[in-house]
Structure formats: structure tokens, C-alpha cells
Amino acid sequence: MILAAGRGMRMRPLTDVTPKPLLLVRGQPLMQWPMEALYRGGFSRLVVNTAWLGEQIEQRFADWPQQHPGAQIVFSHEGQDFGYALETAGGISRALPLLGELFWVLAGDVYVPGFPFTQARVDRFADSGLLAHLWLVPNPAHNPGGDFGLSTNGRALNQADLKHTYSTIGLYRRALFEDPWCDTIPGNPQGTAAPLAPLLRKAMDAGLVSAELYTDPWTDVGTPERLKELG
């Protein structure tokens, strides 16, 4: 699942007329980088949630499946359904009927050109029985305090002296978005907007989230300045 529903307020005025995931980075829309990487890794069915200017995203990638044999894109149009974005957990819950037992989740506005999406990683996660596996990155200047800790045995920590930044890339088990971890009804028919961090912290405290540190190039394209730096 690629998250593409945000308004991108910090990217204004660029995002007043273009959704942030469609802003060009090195010649192609920002969200196309992970789309291509997932496809190369053998993950050909993409679920994309939208809200702000979501029709542009669907139109831009209308021909993408034809250009990538076996690929499929399914959209969860939160803006059309409710008139607003549902935040990360709310959006995943809304899309849950479209997702499998295990699935990747990543943001459509993060540039990680070299991340390897592999079946081997999915298989390891499946065998672990855990609810989530996160990729953390060294803290950038705009998030010096980090988000989550990392134990010596590979568990993600809610509380830690040293914290790293969540890259937005993770593997998830659908059970995390069901009772008792998540209060939102699967499919989110009522349109509840809910953040992801509280679910992750609850599962971390139960020892059910693993993580690893990713140190290759990664950019949260959150401001016009960061976009310009990428060229």
C-alpha cells in the first residue's frame, strides 16, 4: 500500500495544484520511484489511498498497469468517499478489504531509490509471527529526536535513550488493524481518521514489532527545499 492522501501543506504553493506524490523528482513523479521498486521486487498489486487532488493520481497512472505486465493498481479514494483524508491508520483500515494477510506500507512522498523490496523479507516477516517490521533511518535534521528505539535483539522500542526515525517503510500484518489493537472497524465504513503511531507503540510495548536500521540514501521530501536538493 502506497500512502498518497496527504495535503502536503509544507509544500505549498506547489501542492495547491499538484498532489505531493506527483511532484517530479529526477524526471518522474515522486511516488513512481517506490512503485517501480515494488514491481521490480515482484509485488505487482498496488493499493493507493488518495484524498487531496486524488483524481490526478489516478489519471497519471491510468496506463501504468499496461506498461508493466501483470501489474494492478487499486485506489481507495478517501476524499471522494468522505471529503477528507483518514490519516495513516484510518487509511490502512479503510483499504484493509483490498489488502492481504501481510502487506508493505510506505509513503508516496519519501525518496528511497535503492530500497530492495524482496519476497525474502516478506517470508522472514511471515515466519516471525509479529505484527509489524519497520525500517528506521538515521535522524535527519528535521527530526533530531527520532521516533522509535531499536533493541539489540531487533525489537522496535517505544521508549529508548537513542531513537531513530521511521522511514515510513514497513511490513504489516492485518491483525494490527483489527481488535484488540485497533478500535476502527475493518474497512473503516464510518471514515474515522486515525494516526498509526499509537497502534505501533501499543504493539511495541507488547514486544510484537521488530525493526532494522536502513542507512542508504533516504529523503522525506517534505519541503520545497528538500525537493530542490534532489534535483
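Helix α6 lies across β6, β8, β11 and β12, and its axis runs at about 65 degrees to that of β11. Before I go on, please keep in mind that this is a predicted model.

Now the sheet itself. The sheet is open and has seven strands, in the order β5-β4-β1-β6-β11-β8-β12, with mixed pairing. Which strands are at the edges? They are β5 and β12, each of which pairs on one side only. From one strand to the next, the twist averages 25 degrees.

Take β6 with its two partners. β1 and β6 run parallel and are joined by two bridges. I2 has L106, in β6, as its bridge partner. With β11, β6 pairs in the antiparallel sense, over four bridges. There, L102 stands opposite R173 of β11. Is β6 enclosed or open to the outside? Five of its six residues are buried, so β6 is largely enclosed by the rest of the structure.

On to β8 and β11. These two strands run antiparallel, and five bridges join them. V137 is placed opposite T165 in β11.

As a general point, nonpolar side chains in soluble globular proteins tend to be buried together. In this model the largest nonpolar core has 32 residues, and M31, W104 and F117 have the most contacts inside it. Among the elements that give two or more residues to this core are the strands β1, β4, β5, β6, β8 and β11, and also the helices α1 and α6. There is a second, separate core of 30 residues, and M1, A89, L99 and L200 are included in it.

What does W104 touch? Leaving out residues up to four places away in sequence, its contacts include M1, L38, F43, F115 and F117. W104 also touches T118, R121, V122, W135, I169, G170 and L171.

L200, from the second core, brings me to helix α7, which covers residues 197-205. Its buried residues are L199, L200, A203 and M204. Why do they line one face of the helix? Seen down the axis of α7, the buried residues fall within an arc of 135 degrees, so they are on one face. What do the buried residues of α7 pack against? They pack against helix α5 and the strands β8, β10, β11 and β12. After α7 comes G207, which has a positive phi, near 75 degrees.

I will finish with two loop residues. L96 is in the loop between α5 and β6. Is L96 buried or exposed? L96 is buried, with a relative accessible area of 0%. Apart from residues up to four places away in sequence, L96 touches F103, R174, F177, E178, P186 and G187.

D109 has a relative accessible area of 19%. Buried means under 20%, so D109 counts as buried. With residues up to four places away in sequence not counted, D109 touches K20, L30, T219, D220 and V221.

That is the end of my part.

Methods
Residues are numbered from 1 along each chain as its sequence is written. This is a predicted model: local features need pLDDT of at least 70, side-chain atom pairs count only at pLDDT 80 or more; totals for chains, interfaces and linings use all residues. Side-chain values use heavy atoms; hydrogens and water are left out. Buried means under 20% relative accessible area, exposed over 50%, partly exposed in between (1.4 Å probe, protein chains only). The arc is that of the directions from the helix axis to the C-beta atoms. Contact means heavy atoms within 4.5 Å. A nonpolar core is a set of buried Ala, Val, Leu, Ile, Met, Phe, Trp, Tyr and Cys residues joined through side-chain atoms within 4.5 Å. Two strands pair if DSSP finds at least two bridges between them. Axes are lines fitted to C-alpha atoms, for helices over the stretch in contact, and angles run from 0 to 180 degrees between N-to-C directions.
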